[in-house]
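Hi everyone, thanks for coming.

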Amino acid sequence: MVTYIIRRLIGAVIMLLVVSMATFAIFFLVPQLAGATPEGMASRYVGRTATAETAKLAAERLGFNDPLVVQYGRFVKGIVAGAEYDYGPGVEACPAPCLGYSFITRQPVFPDLMNRLPVTLSLAIGAAVIWVVMGVGIGVLSALRRGSVFDRAAMTVALAGVSLPIFFTGLVSLLVFSYGNPFSFAAQGGHYTTFLDSPGQWAYNLLLPWITLAFLFAATYARLTRAGMLETMNEDYIRTARAKGLRESTVVTKHGLRAALTPILTVFGLDFGLLIGGAVLTESAYSLPGLGKYAIDAIVNQDLPKVMGVTLLAALFVVVASLIVDLLYAVVDPRVRLA
């Protein structure tokens with residue numbers, strides 16, 4: 001077990017290094033291969049209103065004229081040890097971890113990300129609890145009642161949940177359940193209260209975004225769970241467990257569902273990691289000040305360091321979530337510990 005954990009930790013570190021290379025390539029190497037000049041790349045940092053002279057000066061100070069190897073070393077050093085940016089009259093510091101420095105707001109990106117993270121984290125955790133409980137539960141019941149009215153109805157709703165985009169269901173949910181209708185039970189978009197200030201108001205403001213986001217993912221998890229349970233419940237060891245006189249609930253939960261959880265864990269790790277990096281459509285539909293909304297605003301304002309910071313943070317969360325899923329494999333399936 002210890003060897004398994006060590007191998008996974010080493011793999012996670014290597015993956016983070018690969019992620020840093022990929023991020024650097026996307027934001028620095030690919031534009032140059034496409035013909036972008038150092039001045040053109042610098043203009044993405046200083047904003048759309050920058051003059052040609054300003055962009056040229058920024059390119060020199062940002063080191064876009066240096067070799068790519070030197071630029072990548074500076075990029076990694078900024079993440080690990082911080083960086084400094086010369087504005088001419090003075091030098092602006094970006095303390096570690098420096099995930100970028102906005103030349104438009106003249107502030108490091110990382111503190112902004114940390115201010116937005118609680119919103120996205122609250123949205124992701126609440127929605128994840130709903131979609132896992134509902135999706136897995138409905139999937140198990142559908143598999144046990146294959147061909148029944150419940151099974152057909154549940155899979156029809158699941159198909160609708162997978163097909164309908166978030167920006168559609170989000171706006172329809174606001175119209176039906178929020179804006180002064182008889183069915184209203186949730187707050188309008190654009191409001192967020194921290195959990196420490198008021199847990200009740202925190203949940204009230206996020207209830208509709210939770211349900212909307214969970215509707216999409218619960219549909220996927222219901223279909224995955226149903227397919228896994230249908231395959232598992234026909235295995236020989238399930239018949240053996242029933243022949244031994246075990247209760248049906250024990251057979252379903254301890255033997256059937258446990259074996260079907262492996263693919264669900266894989267998908268959950270990727271989904272949850274991506275959501276923590278920013279639920280872009282949900283946050284935009286409900287005007288929540290999270291990482292997704294932050295990324296959209298940065299793209300609109302052409303503030304590239306902010307976009308790069310969100311990308312790095314989202315990639316980090318995906319890698320960490322994948323590592324946690326790998327470790328959970330050993331808990332769910334004892335055979336993994338020997339792999």
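So, how many aromatic pairs does the count come to? The count comes to 12 aromatic pairs. Here rings of Phe, Tyr and Trp (its six-membered ring) pair if their centres lie within 6.5 Å; planes under 30 degrees apart are stacked, over 60 edge-to-face and the rest tilted.

Please keep in mind that this is a predicted model, where local features need pLDDT of at least 70, side-chain atom pairs count only at pLDDT 80 or more, and totals for chains, interfaces and linings use all residues. Residues are numbered from 1 along each chain as its sequence is written, and side-chain values use heavy atoms, with hydrogens and water left out.

Take Phe24 and Tyr72: they pair edge-to-face, 5.3 Å centre to centre, with 70° between the planes. Phe24 belongs to helix H1 (residues 2-33) and Tyr72 to helix H4 (residues 68-81), so this pair ties together parts 48 residues apart in sequence. Helices are DSSP runs (H or I, at least four residues), as are strands (E, at least two), numbered from the N terminus.

Phe24 is buried at 7% relative accessibility, and Tyr72 is buried too, at 17%. Buried means under 20% relative accessible area, exposed over 50%, and partly exposed in between (1.4 Å probe, protein chains only).

Now the whole protein. Its secondary structure comes to 13 helices and 4 strands, and 42% of its 339 residues count as buried.
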